[in-house]
Amino acid sequence: MRKLKEFVIEKLILFCGLASIFFVVLIFLFLLKEGLAVFKTVTPPQFLFGKSWYPISEPPHLGILPLILGSLMVTLGAALISIPIGVACAVYIAEVAPLKIKEILKSGIELLAAIPSVVLGFIGMVTIVPWIKSIFHLPTGLTALSGAVMLAFMAMPTIVSIAEDALYSVPKTYKEGALALGATHWQAIHRVILPAASSGIMAAVMLGIGRVIGETMAVMMITGNAAVIPHSILQPVRTLTATIAAEMGEAVVGSEHYFALFAVGIVLFVISFIVNVGADLFLHKKEQ
Amino acid sequence: MDNPAILVKSLDLWYGDFKALKGINASFRGKMITSIIGPSGCGKSTLLRVFNRMNDLAEGVRTSGEIIINGADILRRDADLVALRKRVGMVFQRPNPFPLSIYENIVFGARIHLEAKKKDLDYLVEQSLRSVLLWDELKDRLGRSALGLSLEQKQRLCIARLLAVKPEILLMDEPCSALDPQATQRIEELMRELKRDYTIVIVTHNMQQAARISDETGFILMGELVEFGRTETIFTKPSDRRTEDYITGRYG
């Protein structure tokens, strides 16, 4: 009887494990099948480097370069803002802050992670967007910069908490050793602790960026969604994610537009995959 | 006895409410090895760590009394800790080389104290490694990570890293407890070499080690310095009953 119970439970767990893998594969295959169909209409270089995205004109222009550049600009902007602040914040929490402030900051960061992205987008729309409009005297505040600022807030919790973990797990003996040689606290941090935690910090950055690339709702609300090649961070842009979200509803199933949106999905998938594998490699390196 | 390297005057130390050191008076002589012995938790490491203020890292540490090193009271609030730790270096129980190359480990002190010139650094690395007898073993792989060394090599490297800062006093907190007997013996030989140029204070719970290497010995029990004097005297004719009990292995 006991043996039977073991057997059933074992198989059940096996089934659940296989199911998740099975579904991932299924999703991927579906994405490939629908997405690759677009290459009956355009060649891959035309698709990736085409400069105009007019999916419903006749004939449709299916170049996603403006979307890739839009995503890139928002992501880079968000990274430039969130990485220095996030890492500095992690160093402060792990090394400098007194116990009480540490607790407060950590729960604050967790809270920030818990804010739904649509709420952040909404807040951004009524705060950051008008500020940017008036600061830079723009016709509209719905720009790549607004999106970058907002996404920086979304990347920050990931970066801070993972980087803080990495810093915290640096053996205390390194710090003692550095201080015992007459290093100041800051010298110990930047010459020993930061290098020792570098792979974990890189992983934190990658995961933060991964979150930014995949984010849809907030960017769609505040970047203006103009699918043109951006020349400055103060122009409206449209990201890969926002394109799919905004257009999928109105694309005719089986049309070139529909296939093109799936192909955009593949591009996103590939980018996220690369970023995640990168983060994994860094985390793995840390464990060794 | 005049002009000791470290002079401790009625030192008390508390961790929060716990009084870890009680009225310690002692004078540690220069260019000698002094060992501090006692059972676990008696305060011997605490005493050692006061000498370069490493206790400051722990929360809620208070001290009273004086410790005079090089003519100044190092317990004063305004003591220059960087200068103190340059003068009074520490070797830890577990070898703790930085996760950097062997070369960078040694020049670490020189770099942070801004005494750096490429040629001088190369010389410094060679000198420091020679004085801990590692140069011949490691000269061809200075660029490799220090984490790949054996435990004994790591501990020697930590000593070399310390010597590179040109300290006067070396504090050693059970420097051999992670090592095997052969390595321990070789580190002890190294310590005998080093005492020609440095003052060494070593904490050990290995009484044989204290007897083998030290010139003077202090015995600490429950935060009190019970007895302090020539090692031979402590081990052959202890004047305090408690010292005798500890040395003959009745507890500890």
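Predicted model: local features only at pLDDT ≥ 70, side-chain atom pairs only at ≥ 80, totals over all residues.
Residues are numbered from 1 along each chain as its sequence is written, while chains are lettered from A and ligands numbered from 1 in the order in which they are written.

**View 1**
Two strands count as paired if DSSP finds at least two bridges between them. In general, strands of a sheet pair through backbone hydrogen bonds, either parallel or antiparallel. For a landmark, look for Val8(B), whose bridge partner in E2(B) is Ala26(B). E1(B) and E2(B) make a hairpin with 2 residues between them, and Gly16(B) in the turn has a positive phi of about 60°. E1(B) also pairs with strand E4 (residues 61-69) of chain B, again antiparallel, through 8 bridges. There, Trp14(B) has Arg62(B) as its bridge partner. Put together, the open sheet has 4 strands in the order E2-E1-E4-E5 (chain B), with antiparallel pairing. Its edge strands, E2 (18-28) and E5 (72-73) of chain B, each pair on one side only.

**View 2**
Pro4(B) sits in the segment before strand E1 (6-15) of chain B. What does Pro4(B) touch, once residues up to four places away in sequence are not counted? Its contacts are Ser27(B), Phe28(B), Arg29(B) and Gly30(B). A contact means that the C-beta atoms of two residues, placed from the backbone, lie within 7 Å. Pro4(B) and Ser27(B) are 23 residues apart along the chain, but their C-alpha atoms are separated by 6.0 Å. With 16 other C-beta atoms within 10 Å, Pro4(B) is partly exposed. The cut-offs: a residue is buried if 20 or more other C-beta atoms lie within 10 Å of its own, exposed if 12 or fewer, and partly exposed in between, with C-beta atoms placed from the backbone.

**View 1. Strand E9(B), with buried residues on both faces.**
6 of the 6 residues of strand E9 (residues 216-221) of chain B are buried, so the strand is largely enclosed by the rest of the structure. Glu216(B), Gly218(B) and Ile220(B) point one way, Thr217(B), Phe219(B) and Leu221(B) point the other way, and all are buried. Strand E3 (residues 33-37) of chain B runs parallel to E9(B), joined by 4 bridges. With strand E10 (residues 224-230) of chain B, E9(B) pairs in the antiparallel sense over 6 bridges. Gly218(B) is a handy place to look: Ile36(B) has Gly218(B) as its bridge partner in E9(B), and Gly218(B) has Phe228(B) as its partner in E10(B). The hairpin of E9(B) and E10(B) has 2 residues between the strands, and Met222(B) takes a positive phi near 45° there.

**View 2. Helix H8(A) against H9(A).**
Which residues of helix H8 (residues 172-180) of chain A are buried? They are Tyr174(A), Lys175(A), Gly177(A), Ala178(A), Leu179(A) and Ala180(A). Their cover includes helix H9 (185-196) of chain A, together with H2 and E6 of chain B. H8(A) and H9(A) pack at an angle of about 150°, with axes 10 Å apart. That makes the two helices, H8(A) and H9(A), roughly antiparallel, a label for angles over 145 degrees. Tyr174(A), Lys175(A), Ala178(A) and Leu179(A) in H8(A) meet residues of H9(A) that include Gln187(A), Arg191(A) and Val192(A). After H8(A) comes Gly182(A), whose phi is positive, near 95°.

**View 3. Where chain B touches chain A.**
The contact takes 20 residues from chain B and 15 residues from chain A. On the chain B side, helix H2 (81-87), strand E6 (88-91), helix H3 (102-112) and helix H6 (151-163) each supply at least two residues.

Note on methods: Axes fitted to C-alpha atoms, helices over the stretch in contact; angles between N-to-C directions. Parallel < 35°, antiparallel > 145°, perpendicular 65-115°, else oblique.
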